[in-house]
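Have a go at each one before you read its solution.

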Amino acid sequence: MQKRQIIETRDEELLEYNRYGKIISGLKWLPLSKDEDLQHEVFIIRFEAESSSSFHRHNGYEEFYVLDGELIDADGEVFKKGDYIKFEKGSEHSSFSKKGCTLLVILYGGKNEKIEC
């Protein structure tokens, strides 16, 4: 089929995570798809052990599926392999992984905004 693209993610090298203009240590990602206005974006992100995301606000919606490992949200909620999590527009949080994890992330309706604490 000519209008199909297959990305063999297991063969792709993950990149330094720099979504907010600065590399976040311990996070790596693989962008998979996005539209020109960043109203829709899909990527894989890997948290190494003892790493965390920046505190950020969702200007759109964020959903993610935990492919492996565990992720702990700022409120202490633990997300495990097989969990599918949905954050509403306007929500704010950061996440931490004690042992490491990999997520499939779907953003739509606007990109996230880093919040300086």
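**Exercise 1.** Find which residue stands opposite Pro31 in E3.

*Solution.* Next, take the strands as a pair: E2 and E3 run antiparallel and are joined by 7 bridges. Strands here are DSSP runs of at least two residues, numbered from the N terminus, and they pair if DSSP finds at least two bridges between them. Then go to strand E1 (residues 15–16), which pairs with E2 in the antiparallel sense over 2 bridges. There, Glu16 stands opposite Lys28 in E2.

A word on the source: this is a predicted model, where local features need pLDDT of at least 70 and side-chain atom pairs count only at pLDDT 80 or more, while totals for chains, interfaces and linings use all residues. Residues are numbered from 1 along each chain as its sequence is written, and side-chain values use heavy atoms, with hydrogens and water left out.

**Exercise 2.** Work out which residues touch Ile45, not counting those up to four places away in sequence.

*Solution.* Using contact as heavy atoms within 4.5 Å, you get Tyr17, Leu27, Lys28, Trp29, Cys101, Thr102, Leu103 and Val105.

**Exercise 3.** Say which strands supply at least two residues each to the lining of the largest cavity.

*Solution.* A cavity is a set of points on a 1 Å grid over the protein atoms alone where a 1.4 Å probe fits but cannot get out; lining residues have an atom within 4 Å of a point. The strands are E3, E6 and E11. Finally, list the lining residues nearest the centre: Tyr17, Phe47, Ser53, His56 and Glu62, out of 19.

Key
On a 1 Å grid over the protein atoms alone, a cavity is a set of points where a 1.4 Å probe fits but cannot get out, and a pocket is an open set with protein on both sides within 12 Å along at least five of seven lines; lining residues have an atom within 4 Å of a point. Helices (H or I, at least four residues) and strands (E, at least two) are DSSP runs, numbered from the N terminus.
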